Amino acid sequence: MVKRNHKYQSGEGAQYMTRKAAMRKLQLSMQDFRRLCILKGIYPREPKHRVIAQRGSTDIKILYHRKDITFLLHEPIVWTLRDRKIFNRRIAHARAKGNNLLKNVRMANYPEIKLDHIIKERFPTFIDAIKELDDCMTLLFLFSTFPAMKVVTREITSLARRLTIEFMHYVIASKALRKVFVSIKGYYFQAEIKGELVTWIVPHYYPFQPQRKEYVDFKIMKSFADFFTVMAGFVNYRLYNSINMVYPPQFTVSIDSEESRNNEETFVSERIAALNMDLLRSDRQGTEEEDEEIDLKLLDNDKDSEQVRKMHEEALSLSKLKNLFKGLKFFINREVPREPLVFIIRCFGGKVSWDKHLFVGSTFDETDESITHQIVDRPSLTKQYISRDYVQPQWIFDSVNQRKLLPTNKYFIGAVLPPHLSPFNRDDAIYVPPEEAAMQAGDEFEKQERAEGISDDEDEDFGMEEARKQVQLDYALVKAFREEKAEALNSGEAKKEQAEEDNEDDDQEPDQEETKKQRSEKKQKMAVVSGRVFKENPKEQKQLTKQEEALRAKMVKSRHKKLYRNLLDKQKKATKEANLLREKRQQIDKQKRKEQTQKRKAQRKEILA
């Protein structure tokens with residue numbers, strides 16, 4: 001008998017299952033199912049044909065792959081979650097009876113979820129874990145600012161605070177910071193760890209405001225935080241061992257004291273004081289710098305290829321960036337946000353301090369004569385020292401992004417600051433601000449000058465060698481010619497050669513006359529004609545581009561047409577955004593010019609009055 005194929009028993013109808021069916025199969029509640037999916041990294045899928053995947057149903061349902069759900073059946077955490085459900089029922093039963101002793105016993109034996117095996121499963125190698133550090137650190141920095149709540153307990157927030165400070169200390173010790181940026185969301189940082197770029201956000205410190213459940217679900221965030229705390233612990237341990245630092249680090253300042261739990265200012269000051277101290281190492285310092293010097297020497301030996309030259313330039317700029325603030329001492333005024341500045345200055349070899357009467361962790365006073373820069377964010381200052389520069393905080397961020405110490409005259413107290421440009425711009429960006437374009441042009445000019453200087457030196461050396469070789473060859477030819485001539489005279493052949501040369505000169509005379517005639521005829525034909533400028537018609541160019549795009553669209557295969565349309569829509573959207581930014585910039589410049597003219601007119605009136 002022929003086997004009949006029933007509907008939805010194969011293909012997409014059999015590959016997907018709804019969330020309700022998945023929960024029924026795993027015997028878990030909605031909360032436990034969500035938590036399990038977050039911990040295991042399983043997310044809903046979008047099928048190609050939703051109606052077939054939903055077995056004829058036209059409603060939009062949350063679908064999961066059947067293989068993912070069968071994979072979850074073998075997870076040990078499922079049994080832990082089921083045991084927790086039983087314990088919750090028993091604890092509620094003991095509470096209802098009023099038996100506090102039994103309730104405490106059952107709460108002490110409450111099953112804990114262990115995530116070590118999930119970390120090893122999701123990140124087989126250490127580099128895989130570093131690639132996922134972006135979201136991990138962003139969430140932990142956010143949780144470190146939270147107070148104790150019903151869902152987010154004190155244990156999670158204190159653990160997040162400790163892990164973030166440990167990670168920042170690693171970045172300081174390894175000098176891994178590369179880019180910084182200040183935005184409305186917070187402070188963007190980018191570090192290079194084991195060859196991978198890690199970007200995270202540190203939020204601004206604002207008083208915590210309770211959020212509605214419709215806007216923020218703290219239970220889901222807590223599930224992510226549970227996973228990321230375990231992951232960050234593993235990563236920090238490996239990172240500290242890689243640079244021979246003792247883990248866990250011992251801080252002289254208490255990070256999570258009782259006073260900091262009640263007062264936000266003491267918490268922030270303790271956190272910053274912990275950043276402004278050196279940690280114990282298991283070996284001598286400075287091994288990494290020696291290794292970098294050896295690598296630069298190796299690159300110096302082979303500068304022939306362009307790729308090696310670029311690598312050499314990048315290595316030199318990185319070595320300068322790592323010691324950007326080396327030998328400089330900074331003093332931060334009380335109105336300046338200290339945490340990002342302390343972190344940045346210490347990452348690049350600088351020393352930093354603040355007022356010891358206001359905050360803990362100060363290393364030197366304001367009266368210290370060796371201070372080179374004082375960071376101020378106020379319009380004026382009563383007492384100033386001649387031996388130091390007074391700059392605004394933006395000078396630190398811009399110097400790091402441009403990888404050089406910028407002139408301080410644009411960042412003095414009360415000065416109108418230049419625009420704070422983002423270092424995370426892509427190379428294929430359509431709109432580039434004029435300040436950034438000017439900065440890029442200046443960098444390219446500097447690179448060209450360096451390249452020309454290197455090429456000139458190489459050309460001079462090459463020219464000297466060529467001149468020496470040519471002199472040697474000329475001397476050898478003259479010597480050989482003299483020897484041959486002497487031999488010919490001795491053998492009596494010199495007379496015959498002279499007669500042959502005379503005959504050749506007679507034959508060459510008519511040929512020279514013909515060439516002279518040809519040259520004179522060519523000169524008569526040559527003339528200078530005034531050139532005409534060719535003007536392109538913009539309408540014709542636009543029409544040609546439209547025709548080319550239409551032909552290109554016809555050449556696209558039918559299965560790729562949807563993707564091609566999406567690419568065109570994306571390109572149109574990008575150009576539209578770029579045009580809007582240009583118009584906005586033009587309006588701002590117009591407004592500035594208008595204000596300047598009004599100011600000049602007012603000044604003239606005052607002078608005339």
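Visitor: Which helix is Lys103 found in?
Guide: We're looking at a predicted model here. Run along residues 100–108 and you'll find Lys103 there, in helix α7.

Visitor: Which side chain of opposite charge is nearest to Lys103, and how far away?
Guide: Lys103 is buried, yet it has no salt bridge. A salt bridge would need a carboxyl oxygen of Asp or Glu within 4 Å of the side-chain nitrogen. The nearest side chain of opposite charge sits 16 Å away, and that's Glu155.

Visitor: So what does Lys103 touch?
Guide: Set aside residues up to four places away in sequence. What Lys103 then touches is Ile91, Ala94 and Arg95.

Visitor: Now Glu75: is it buried or exposed?
Guide: Glu75 lies in the loop between α5 (66–73) and α6 (76–97). Its relative accessibility is 4%, and the cut-off for buried is under 20%. So Glu75 counts as buried.

Visitor: Which side chain makes a polar contact with the side chain of Glu75?
Guide: Leaving out neighbours within four places in sequence, Glu75 is in contact with Leu36, Lys40, His117, Ile118 and Glu121. The side-chain polar contact, at 2.6 Å, is with Lys40.

Visitor: Which residues line the largest cavity?
Guide: Rolling a probe the size of a water molecule over the atoms shows where empty space is left. Searching the whole structure turns up one cavity of 30 Å³ or more. The largest cavity holds about 30 Å³ of space. Its lining is made by Val246, Pro249, Gln250, Leu279 and Leu280.

Technical notes
Residues numbered from 1 in each chain as written. Predicted model: local features only at pLDDT ≥ 70, side-chain atom pairs only at ≥ 80, totals over all residues. Heavy atoms only, no water. Helix = DSSP H or I, 4+ residues; strand = E, 2+ residues; numbered from the N terminus. Buried < 20%, exposed > 50% of the residue type's maximum accessible area, 1.4 Å probe, protein only. Lys, Arg positive; Asp, Glu negative; His and termini not counted. Contact = heavy atoms within 4.5 Å. Polar contact = N/O pair within 3.5 Å; in protein donor to acceptor, adjacent residues only side chain to side chain. 1 Å grid on protein atoms, 1.4 Å probe; cavity = no way out; pocket = protein on both sides within 12 Å on 5 of 7 lines; lining within 4 Å. Points joined across faces, edges and corners; volume = space filled by probe spheres on them.
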